[in-house]
Amino acid sequence: MKIHCLTHVPFEDAANIGTWAEQRGHTLTYTHLYQHDLLPAIESFDMVAIMGGSMNIYDHNTYPWLAQEKKFIRRAVDAQKKVIGICLGAQLITDVLGGSVTPNTHKEIGWHRIKLPPRAAQSVALSTLPREMVVFHWHGDTFSVPPGAMHLGSSAVCTNQAFQYGDHVLALQFHLEYSQESIEKMLDNCSDELIDSPYINTPEQIRAGYDNIPQNTEYLYTLLDAFTD
């Protein structure tokens, strides 16, 4: 497969999606939107991965490329490309499909448990994953489930953690793709968000959870293998 990755900040890349792609023999290319790279032709790739970022999806004045990115995502969805969005990427997909993105009741940062509903068995991508998982989060906003999409996950503080639209679009609020290096980059660049709050881990708690990364990576590979089969 030809996989194209959209990035919004220099410290969030494809992470373990890139490792998976290399191991499976797929090619991976990038558009670094924060560098004002040009978006590729829709015909040039089979799948697009839309990564996270520290901005809000409605910050068009500060990040004018967001408007073009949304049009690009819409074209990819309409062309039946495989589309996966993570965190900000999931929120961008939500907006494109007619859902809403709003501040969550609490920011959710660190290692928190999510639950998949029984209907997750109907999702090729998530059907092989356990019904409960401890995964990594770093978000303050949340998305609604767009019209026609299937709700696939929740946590104690965030009702909508995942959805699938058709067989080709998957949105995840959480980060299965993060490596230890990825999380350290977040700690370096976004530590100002680690305030005293019920659902925000301290840096010590975050680092204490690094033992979760191998299992999360296994979940990611299982999900991507099923999603791209």
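Buried means under 20% relative accessible area, exposed over 50% and partly exposed in between, with a 1.4 Å probe and protein chains only. By that rule Trp111 is buried, at a relative accessible area of 12%. This is a predicted model, in which local features need pLDDT of at least 70 and side-chain atom pairs count only at pLDDT 80 or more, while totals for chains, interfaces and linings use all residues. Residues are numbered from 1 along each chain as its sequence is written, and side-chain values use heavy atoms, with hydrogens and water left out. Helices (H or I, at least four residues) and strands (E, at least two) are DSSP runs numbered from the N terminus.

**Aromatic rings**

- The structure holds six aromatic pairs; rings of Phe, Tyr and Trp (its six-membered ring) pair if their centres lie within 6.5 Å, and planes under 30 degrees apart count as stacked, over 60 as edge-to-face and the rest as tilted.
- One of these pairs, Trp111 with Phe136, is edge-to-face, with 5.0 Å centre to centre and 70 degrees between the planes.
- Trp111 belongs to strand E5 (residues 101-115) and Phe136 to strand E6 (residues 132-143), so the pair ties together parts that are 25 residues apart in sequence.
- Phe136 is buried, with a relative accessible area of 1%.
- Ring pairs join Trp111, Phe136, Trp138 and Tyr178 into a cluster.

**Charges over rings**

- Lys81 lies over the face of Phe45, 5.8 Å from the ring centre; the criterion is NZ of Lys or CZ of Arg within 6 Å of the ring centre and within 35 degrees of the ring normal.
- Lys82 lies over the face of Phe227, at 4.8 Å from the ring centre.

**Helix H4**

- In H4 (residues 180-190), the residues Ser182, Ile183, Met186, Leu187 and Cys190 are buried.
- They cover an arc of only 140 degrees around the axis, which puts them on the same side of H4; the arc is that of the directions from the helix axis to the C-beta atoms.
- An α-helix has 3.6 residues a turn, so residues three or four places apart point the same way.
- Glu181 and Asp188, on the other side of H4, are exposed.
- The cover over the buried residues of H4 includes E5, E6, helix H5 (203-208) and helix H6 (213-228).
- Met186 is buried, with a relative accessible area of 3%.
- Not counting residues up to four places away in sequence, Met186 touches Phe11, Glu12, Trp138, Tyr178 and Ser191, where contact means heavy atoms within 4.5 Å.

**Largest pocket**

- About 270 Å³ of space lies in the largest pocket.
- Of the 18 residues that line the largest pocket, Gly53, Ser54, His139, Gly140 and Glu193 are the closest to its centre.
- A pocket, on a 1 Å grid over the protein atoms alone, is an open set of points where a 1.4 Å probe fits, with protein on both sides within 12 Å along at least five of seven lines; lining residues have an atom within 4 Å of a point.
- E6 gives the largest share of the lining of the largest pocket, four residues.

- Ala15 has phi near 50 degrees, a positive value in a residue other than glycine, and lies in the loop between strand E1 (2-7) and helix H1 (16-24).
- Cys87 has phi near 60 degrees, also positive, and counts as buried at 5% relative accessibility.

Technical notes
Points joined across faces, edges and corners; volume = space filled by probe spheres on them.
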